[in-house]
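Hi everyone, thanks for making time this morning. I'd like to walk you through a model I've been looking at, so let me put it on the screen.

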Amino acid sequence: MADEQSWVDWVKENTDPRAAHTKPEALDDITVLDLSCKSFAGCYCSSLLAEFGANVIRIEPPEGDFIRTCTPYGMLYKGEGLNYLTEGRNKFHITLNLKEQEGREILKGLVSQADVLIETFRPGVMDEWGIGYEQLKEINPGLIFASITANGQFGPLSQSRMPDYDNIAQAKSGIQSATGEVMPEGKCYDECPWAVPTKAGSWIGWAQPATFMAVGIMAALHWRVINGEGQALDVATNEAYARFDNDGALWYEGAGVVLERFGSLIPGGWLYCFAPTMDGAVFLGGLRLEMWQAFADMIGKWDEWDAGSWKDLSYFTRKENQLAWAPVIFAETRKYTNQELVNMSIEYGKKGRLAPITPVVAPVCSPMETMKDENWLKRGVLVPVKDPVFGEVMVAQAQHKMTETPIRTKWVCRPVGYDNGHIYLKYFGFGPSKLKELKGDGLI
Amino acid sequence: MAEKTWKNYRDKKHFKPLPLKDIRVLEVGTLILGPVGPGFAALMGAEVIKCEIPPLGDTARNMTPFGYMFRGAFPPTFTHINVNKYWLGLDLHKPEGQKVFLELAAKSDVIQTNLRPGVMEKWNAGYFHIKEINPRIIYISKTGFGEWGPYAAENRPSNDGAAQGLCGYAWMSSFSGQPPLKSGVYPCDDYGGLMGEMAILAALHHRDRTGRGQFIDLAQTENIMRLMSWIWPYQHITGNTAMPSGNRDVSICPADSFYCKDCGLVAIAAPAPEEFKGLCTAMGRPELAEDPRFKDHLTRLKEENATEILKIIADWSRTKSAGEIEELAEKHGFAASRVKTAKDVVEDKHSRERGFVAEIDDPLLGRYHDYGFPVMMSKTPPRVNWGVRPVGFDNEYVLTHLLGKTEDEIKGLYECRAIGKWADLPGRKPPSDWDGRSGIIMARDGDGEGKE
């Protein structure tokens with residue numbers, strides 16, 4: 001590949017989501033049963049597999065899963081909660097009453113025809129029902145049985161009665177306590193109730209453990225290719241999220257220091273903060289001495305701050321110096337708009353004294369600004385899906401751009417039991433009269 | 001039954017195989033986004049060779065919280081995300097270094113980089129160069145904005161904080177009326193890295209079936225957007241900007257962090273009917289569960305009702321300690337936890353018994369605890385075996401064992417500076433108490449001294 005532009009063109013041509021449907025799907029040989037209950041983690045996990053083409057059968061109780069009611073401000077769109085609307089993607093939705101023995105027998109029939117099972121019941125529930133891993137592996141030794149719960153399948157707290165929710169996982173991870181505004185001196189909680197440990201606004205305490213589990217499932221599938229055997233997988237949501245606390249364990253282990261919240265600065269590096277501007281805020285990033293110097297130069301402070309004499313970042317990284325320097329640079333960034341600072345950084349990367357080195361400058365956007373940013377539209381990430389049931393629905397998608405097996409969103413969601421007819425016919429030969437019977441018995 | 005599946009899981013870990021033991025990964029990555037994914041693969045048994053430009057190596061060797069180095073040698077984040085790797089000091093600016101890279105690439109399954117678009121191509125190590133000699137290669141490039149599109153065309157640099165800002169994640173993670181708040185960790189780097197592994201393992205599955213490799217263009221900002229769920233359809237349907245709500249979860253009610261008697265926060269969640277009933281009983285207000293404003297979850301979520309019930313809970317939580325609330329939650333079947341610190345997590349008995357908080361016995365760093373891989377796999381348990389190393393620490397092992405180079409050839413590579421070792425700087429060099437031998441896999445005469 002001789003020149004850079006032809007490389008970029010080649011990648012675009014071969015990873016553009018608009019052409020994804022012309023290519024094969026990586027997981028279209030895999031059948032997944034998603035039994036998740038009251039858990040977005042389970043739904044998100046099976047979505048990741050479904051995006052890659054896995055044949056995912058989502059199994060809900062006859063009245064539908066409670067998670068469908070977890071929607072902002074109680075808002076429904078065409079009868080569906082907005083969170084569930086985004087994670088029903090590419091899945092077949094059936095109902096099955098697992099509280100009845102006959103329902104569990106039907107599940108066993110599906111298990112014998114599946115590769116992966118995802119469940120989020122309290123540990124022990126599936127065993128009591130006679131459909132735990134030890135029981136199901138007798139039916140299908142290749143089965144990968146994946147459980148996502150609050151505390152995991154084993155260990156002293158595994159029998160806790162507490163259910164699993166995103167905000168609880170975030171609180172238990174150590175990351176919420178490391179995030180948030182610092183209480184202004186002399187103030188208390190009632191005066192500044194926002195200066196507290198703060199969780200992430202999105203359900204990362206569910207989506208991230210779900211992604212770890214999807215990665216674990218993929219590794220288990222690879223192992224099954226080598227060895228032929230299935231296995232049980234276990235994720236505790238708070239542990240999974242804690243894995244992202246990169247400094248926390250070792251700072252405490254080595255120095256007894258507890259990582260505490262530090263506003264929009266970060267203990268681990270300099271230059272790395274949100275800075276106020278004339279019309280909002282930008283992120284400023286360096287982490288290399290030259291990038292911090294480039295920032296000083298870019299805003300015209302090279303001489304005044306004697307940036308050329310700086311030798312390394314260790315001085316600036318110290319807590320007292322971060323606190324001293326932050327207001328100094330904020331006074332400068334307030335003189336400009338977000339767009340001006342972004343442009344200054346791009347220009348500096350072309351013509352600055354230290355070019356091509358330039359500081360990272362990015363606007364801090366509202367999600368509405370993000371949704372209107374043409375970069376994500378062009379890359380096919382934030383574009384509406386035309387769903388046969390729900391019409392045009394905006395979801396984030398196409399994040400895995402791959403030349404051979406790109407992901408795709410074929411539909412976004414399905415009402416409860418929408419695919420009973422097709423799936424029960426396909427796997428059991430149950431036609432309309434049998435389905436009517438099952439319905440009458442409260443099984444579907 | 002689960003007991004049988006998981007009996008002695010932690011203690012028997014090392015007596016079982018690893019799921020990715022047949023996979024070799026070459027990493028040319030810096031900071032977090034590049035190295036964290038190969039780190040996950042290494043925990044699952046992949047042989048990961050981390051290539052760094054000598055003598056300074058990975059920029060993350062600088063990233064010290066307030067200047068702190070773990071064991072006086074390496075930054076905590078760097079140490080956490082780079083376990084189980086082999087360390088090659090390889091200068092890809094040099095043609096001889098590029099040649100070594102191609103020799104390794106010919107024998108590898110996966111290449112991971114997070115350099116700016118075009119850099120690997122300039123070093124004759126881009127996807128097309130590798131594909132020619134190894135068509136089975138799975139090659140992933142992880143950047144802020146991807147290889148193509150308007151931002152990529154402007155050659156904008158990026159990192160975790162930029163991604164947090166650009167996708168609206170930070171905006172949504174603050175309190176109403178306060179400026180957007182940056183996370184105390186690096187969620188977009190870590191999540192981008194994790195999603196990269198998802199793509200790679202899917203690609204590997206495709207290769208297991210068809211023999212075909214591929215190229216993956218991963219933009220970290222797009223991956224964090226993926227988990228922002230309701231925000232996108234909400235804005236699209238209503239035309240309104242999604243607004244932040246602090247610790248309150250606007251999709252689950254009640255779910256918030258509450259101030260309690262001992263002046264800390266406790267997170268509570270109790271949305272499902274039996275959970276909400278349990279909470280009302282615990283508060284001594286069982287009648288609330290039947291109140292028409294709160295009885296049904298969708299009704300309870302409406303702004304005016306949610307505000308009301310959250311206020312009732314907040315008033316109650318102030319009369320109880322976090323510990324009392326946790327006990328009541330256990331008794332009545334709703335969820336509650338104090339907002340825990342890293343100390344609480346590291347010392348947590350449950351996670352230690354599960355082996356998530358793992359004990360590591362490292363030849364350079366000594367004995368210590370750190371978080372391991374959070375997916376427990378009954379037949380193929382991921383594990384932490386060793387910590388991080390100085391730049392170029394495993395040069396001899398990699399070049400001899402994998403490439404069969406002779407001592408003279410290796411000497412030649414040192415002489416032309418295609419390979420090298422660490423600079424005499426913190427974060428790059430061995431711990432000060434290193435004996436000059438420990439941890440070296442394949443020693444040669446004169447080893448144990450920095451070469452630069």
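Predicted model: local features only at pLDDT ≥ 70, side-chain atom pairs only at ≥ 80, totals over all residues.

Let's start where the two chains meet. Here 162 residues of chain A are in contact with 156 residues of chain B. Which helix gives the most to chain A's side? That's helix 8 of chain A, with 17 residues. By type, chain A's side divides into 87 nonpolar, 47 polar and 28 charged residues.

Now the core. The largest nonpolar core has 275 residues, and A:Leu49, A:Met213, A:Ile217, A:Leu233 and B:Ile268 touch the most other members. Helix 8 of chain A, residues 204–227, turns up again, with the largest share of this core at 14 residues. Take A:Met213: leaving aside residues up to four places away in sequence, its contacts include A:Cys45, A:Leu233 and, over in chain B, B:Val375.

B:Ile268 brings us to the sheet. Its bridge partner in strand 9 of chain B is B:Ala336. Strands 8 and 9 of chain B pair in the antiparallel sense over four bridges. The open sheet has three strands in the order 7-8-9, with strands 7 and 9 of chain B at the edges. Its twist averages 20° from one strand to the next. Helix 16 of chain B packs on the sheet, touching strands 7 and 8, while helix 17 of chain B touches strands 8 and 9.

Happy to take questions!

Technical notes:
Residues numbered from 1 in each chain as written. Chains lettered and ligands numbered in written order. Core = buried A, V, L, I, M, F, W, Y, C linked by C-beta atoms within 7 Å. Buried ≥ 20, exposed ≤ 12 C-beta atoms within 10 Å, placed from the backbone. Helix = DSSP H or I, 4+ residues; strand = E, 2+ residues; numbered from the N terminus. Contact = placed C-beta atoms within 7 Å. Nonpolar A, V, L, I, M, F, W, Y, C, P; charged D, E, K, R; others polar. Pairing = 2+ DSSP bridges. Axes fitted to C-alpha atoms, helices over the stretch in contact; angles between N-to-C directions.
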